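The sequence and structure are shown first, and the discussion follows.

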Amino acid sequence: AHLLAHPEMTPALLGTACALLSMPTLQRVNTKLAVEIDTKLPLKTALVTLPERVLGHKTFTFARRAGRRTLTPVVCDPSVPLTPTSTVTVVVHRADDQNSYLKTAYVGNIAVAEPGAAGLSDADVEVSLTYWSRHALKYDANTMGPVVHTSWQNVVAERGRVNLKKVKKRRMLLRRAKRARREEEAGQEEEEEVEVDDVDDDDDDVDDDD
């Protein structure tokens with residue numbers, strides 16, 4: 001799903017990058033394992049360095065990329081050029097010492113997870129804001145939704161509301177699981193009592209025969 005937001009990562013380019021991938025070179029970035037690969041190819045990245053930081057209440061342009069839940073800062077000026085590069089970043093999840101699977105890949109250097117991404121600690125969000133307050137992506141109508149004008153404060157607040165909903169849902173599911181377990185245990189106890197009563201009745205029958 002993550003690759004939907006990176007149409008520049010064609011199967012051929014992804015194959016070239018993965019062929020050059022060396023697992024020992026992976027480095028942890030927030031919750032990811034990532035590596036930068038120099039493909040030696042003439043590529044271009046949509047990452048743009050902003051002339052000044054965009055923080056707090058300051059309004060900026062954002063859009064939701066394909067396959068993403070959070071908003072990404074975007075530059076809509078068509079005259080802004082794409083940045084030349086030969087680097088491709090490959091991000092993987094390492095299941096164990098022997099197995100890994102691809103999470104995403106994109107043209108350009110390793111980028112910090114966006115502030116609205118799930119699973120970030122408060123400290124990670126601060127690091128992310130420092131990076132993304134100075135960077136944005138060039139808007140692409142083919143891979144992004146409508147442009148909205150909002151602020152990082154609102155984006156981070158929305159992340160908090162989404163996370164709170166997830167926490168509440170998780171707690172609700174835990175309560176249901178505990179209730180179901182108690183009901184199951186209570187049912188088992190009733191069955192055991194019935195079995196004991198049946199055994200006692202059988203014993204009485206044996207005594208009567210004697």
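Which side chain meets that of Glu114 in a salt bridge? The partner is Arg65, and the N to O distance in this predicted model is 2.5 Å. Glu114 lies in the loop between strand E7 (100-107) and helix H2 (122-132), while Arg65 belongs to the loop between strand E4 (60-64) and strand E5 (71-75), so the pair ties together parts that are 49 residues apart in sequence. Glu114 has a relative accessible area of 6% and is therefore buried, because the limit for that class is under 20%. Arg65, at 7% relative accessibility, counts as buried as well.

**Salt bridges**

The count of salt bridges comes to 3.

| Pair | Distance between N and O |
|---|---|
| Glu114 and Arg65 | 2.5 Å |
| Lys58 and Glu52 | 2.5 Å |
| Asp38 and Lys40 | 3.2 Å |

In the bridge between Lys58 and Glu52, Lys58 has a relative accessibility of 37% and counts as partly exposed. Glu52 is likewise partly exposed, with a value of 47%.

The bridge between Asp38 and Lys40 has its closest N and O atoms 3.2 Å apart. Asp38 is partly exposed at 36% relative accessibility, whereas Lys40 is exposed, its relative accessible area being 67%. The class of Lys40 follows from the cut-off, because exposed means over 50%.

**Backbone at Lys40**

Lys40 also stands out for its backbone: its phi is positive, at about 65°, although this residue is not a glycine. The residue is found in strand E2, which covers residues 32-45.

**A patch of positive charge**

Where on the surface does positive charge gather, and which residues take part? The patch is made up of Arg175, Arg176, Lys178, Arg179, Arg181 and Arg182. One of these residues, Lys178, has its place in helix H3 (residues 152-209). Lys178 is partly exposed, with a relative accessible area of 45%.

**Summary**

To conclude, the buried pair is formed by Glu114 and Arg65, and Lys58 and Glu52 are partly exposed. The positive patch, which includes Lys178, is on the surface.

Key
Residues are numbered from 1 along each chain as its sequence is written. This is a predicted model: local features need pLDDT of at least 70, side-chain atom pairs count only at pLDDT 80 or more; totals for chains, interfaces and linings use all residues. Side-chain values use heavy atoms; hydrogens and water are left out. A salt bridge is a side-chain nitrogen of Lys or Arg within 4 Å of a carboxyl oxygen of Asp or Glu. Buried means under 20% relative accessible area, exposed over 50%, partly exposed in between (1.4 Å probe, protein chains only). Helices (H or I, at least four residues) and strands (E, at least two) are DSSP runs, numbered from the N terminus. Patches are made of residues with over 30% relative accessible area and no salt bridge: like charges are joined within 9 Å, nonpolar side chains (Val, Leu, Ile, Met, Phe, Trp, Tyr) within 5 Å. Accessible areas come from the Shrake-Rupley method with a 1.4 Å probe; for residues, only the protein chains shown count as cover. Lys and Arg count as positive and Asp and Glu as negative; His and the chain ends are not counted. The place of a charge is taken as NZ of Lys, CZ of Arg, CG of Asp or CD of Glu.
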